[in-house]
Every structure is written in C-alpha cells, then in structure tokens.
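Please read the following structure with me, feature by feature.

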Amino acid sequence: MPSKYIKPICDCGAELFFTREEGQVMTYKILKNGMLAKRPVHKGVEFNANHGYLICLQCRKEYEYNASYFGEHKWKALRGDEI
Ligand SMILES: [Zn+2]
C-alpha cells in the first residue's frame, strides 16, 4: 500500500523551506588600464555552492536536508537532524 508523503515540518509546526547558496561563474575582460570591465564577456554555468539545508522562516531553526534515494518517495525532501 503506498504511503503518503508528508512535507518536512519544523518542531514549531511551521513549513520548512529549502535554502542553498547558488552562484554563477563570470568572466571579465581586463582593460588597458588594468581595471576589470564592468560587464562580463561571458556568464558561465550556474553552480551550487553547497548541499543546502532546511530552514524555518518562523523560528529560524535549521535542519539538515535529506532526500530518499530509493522507493516511492525518491528525491523528495525530508527533514534531517537540527543543525
Ligand atoms: Zn520553526
């Protein structure tokens, strides 16, 4: 029998949000005077700076972000230990 997926909830009862640092590799031309150009000549691929974690916007508690790697709830967000 399929089990129902339940979204991760904070101890205070509020919904948890997924937080992750994301960035982009930018390439700038060096000008004759040695300064860097204001606009990049190339915007590189976006990357994730870390694995991410879960945060409660109500009480600011943070939890590890877990996901199941198999089974019927594969890749769905799960709450780990409090950070
Ligand atoms: Zn909370």
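Q: What percentage of the 83 residues of the chain count as buried?
A: The model is a predicted one, in which local features need pLDDT of at least 70, side-chain atom pairs count only at pLDDT 80 or more, and totals for chains, interfaces and linings use all residues. Residues are numbered from 1 along each chain as its sequence is written. A residue is buried if 20 or more other C-beta atoms, placed from the backbone, lie within 10 Å of its own, exposed if 12 or fewer do, and partly exposed in between. By this rule, 5% of the 83 residues of the chain are buried.

Q: What radius of gyration does the chain have, against that of a compact globule of 83 residues?
A: The radius is taken over C-alpha atoms, and the globule rule is 2.2 Å times the number of residues to the power 0.38. The rule gives a value near 12 Å, but the chain has 20 Å. Its C-alpha trace spans about 65 × 30 × 15 Å along the principal axes.

Q: How many helices and strands does the chain have?
A: Both are DSSP runs numbered from the N terminus, helices being H or I of at least four residues and strands E of at least two. The chain has zero helices and six strands.

Q: Which strands form the open sheet, and in what order?
A: Strands of a sheet pair through backbone hydrogen bonds, either parallel or antiparallel. Two strands are counted as paired if DSSP finds at least two bridges between them. Here four strands form an open sheet in the order β1-β4-β5-β6, with antiparallel pairing. Because β1 (16-19) and β6 stand at the edges with a single partner strand each, one side of each is left without a neighbour in the sheet. From one strand to the next, the twist averages 45 degrees, where axes are lines fitted to C-alpha atoms and angles run from 0 to 180 degrees between N-to-C directions.

Q: How many bridges join β5 and β6?
A: Strand β5 (residues 62-67) pairs with β6 in the antiparallel sense over four bridges. Tyr63 stands opposite Glu82 in β6.

Q: Which residues does Gly80 contact, leaving aside neighbours within four places in sequence?
A: Two residues are in contact if their C-beta atoms, placed from the backbone, lie within 7 Å. Gly80, found in strand β6 (residues 77-82), is in contact with Tyr63, Glu64, Tyr65 and Asn66. Gly80 counts as partly exposed because it has 13 C-beta neighbours inside 10 Å.

Q: Why does strand β2 lie largely in the open?
A: Of the six residues of β2 (residues 22-27), the number buried is zero, so the strand lies largely in the open. β2 pairs with strand β3 (residues 42-48) in the antiparallel sense over five bridges, and the bridge partner of Thr27 in β3 is His42.
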